[in-house]
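Me: I want to know what stands behind the labels used for this model. Take me through them.

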Amino acid sequence: MSSKNGNFSTSQILFPLSLLALVIFLSTAFQTVQVFRDRSVLHQVKTQQDKPLEDARRVQAQLEALAVGTLKLADQGDKNAQAIIDKLKQLGISVTPPKTGSTMPSTPASAAMPSKP
């Protein structure tokens, strides 16, 4: 068997196949490392967003409590509070009292977007 006649021996085929297997292995290893790095970066970004998200929820709860308090004052006849509630309604924001008797609403006050006629 000679390579001049177009016949290949096992040793002649083994080297290119081994090289191909090595390239596939290295490519797969590189991609795996990249996936783990990306996962680590995404986890770090999520962790960094936790505190601002908690701060935003706290401010939202305070705003809702303030709106509900203003609504209660308006219901008791306070003219300034009624003016604020009316202005909020003109802007398309409706403030509803909480369904429970707690001081902090467990669900956000409904804020509707103004409808365009």
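Reply: Start with helices: a helix is a DSSP run of H or I with at least four residues, a strand is a run of E with at least two, and both are numbered from the N terminus. Thr-70 is found in one of them, helix α1, residues 10-75. The model is predicted, so local features need pLDDT of at least 70 and side-chain atom pairs count only at pLDDT 80 or more, while totals for chains, interfaces and linings use all residues. Residues are numbered from 1 along each chain as its sequence is written, and side-chain values use heavy atoms, with hydrogens and water left out.

Me: Why is Thr-70 called buried?

Reply: Buried means under 20% relative accessible area, exposed means over 50%, and partly exposed lies in between (1.4 Å probe, protein chains only). Thr-70 has 14% relative accessibility, so it counts as buried.

Me: Why does Ile-84 count as partly exposed?

Reply: Ile-84 sits in helix α2. Its relative accessibility is 45%, so partly exposed is the label.

Me: What does Thr-70 touch, leaving out residues up to four places away in sequence?

Reply: Ala-81, Ile-84 and Ile-85. A contact means heavy atoms within 4.5 Å.

Me: What makes the span of α2 close to the expected one?

Reply: The expected span is 1.5 Å times one less than the number of residues. Helix α2 (residues 79-90) has 12 residues, and 16 Å is expected. Its first and last C-alpha atoms are 16 Å apart.

Me: What follows α2?

Reply: Gly-92, with a positive phi near 90°.

Me: Which residues make up the largest nonpolar core?

Reply: Six residues: Ala-67, Leu-71, Ala-74, Ala-81, Ile-85 and Val-95. α1 gives the most, three residues. The term covers buried Ala, Val, Leu, Ile, Met, Phe, Trp, Tyr and Cys residues joined through side-chain atoms within 4.5 Å.

Me: How many helices and strands does the protein chain have, and how much of it is buried?

Reply: Two helices and zero strands. Buried residues are 10% of the 117 residues.

Me: What is the pLDDT over residues 104-117?

Reply: It stays under 50 there. pLDDT is the predictor's confidence in each residue, from 0 to 100. Where pLDDT is low, the predicted coordinates should not be read in detail. For the protein chain the mean is 82, and 79% of residues reach 70 or more.
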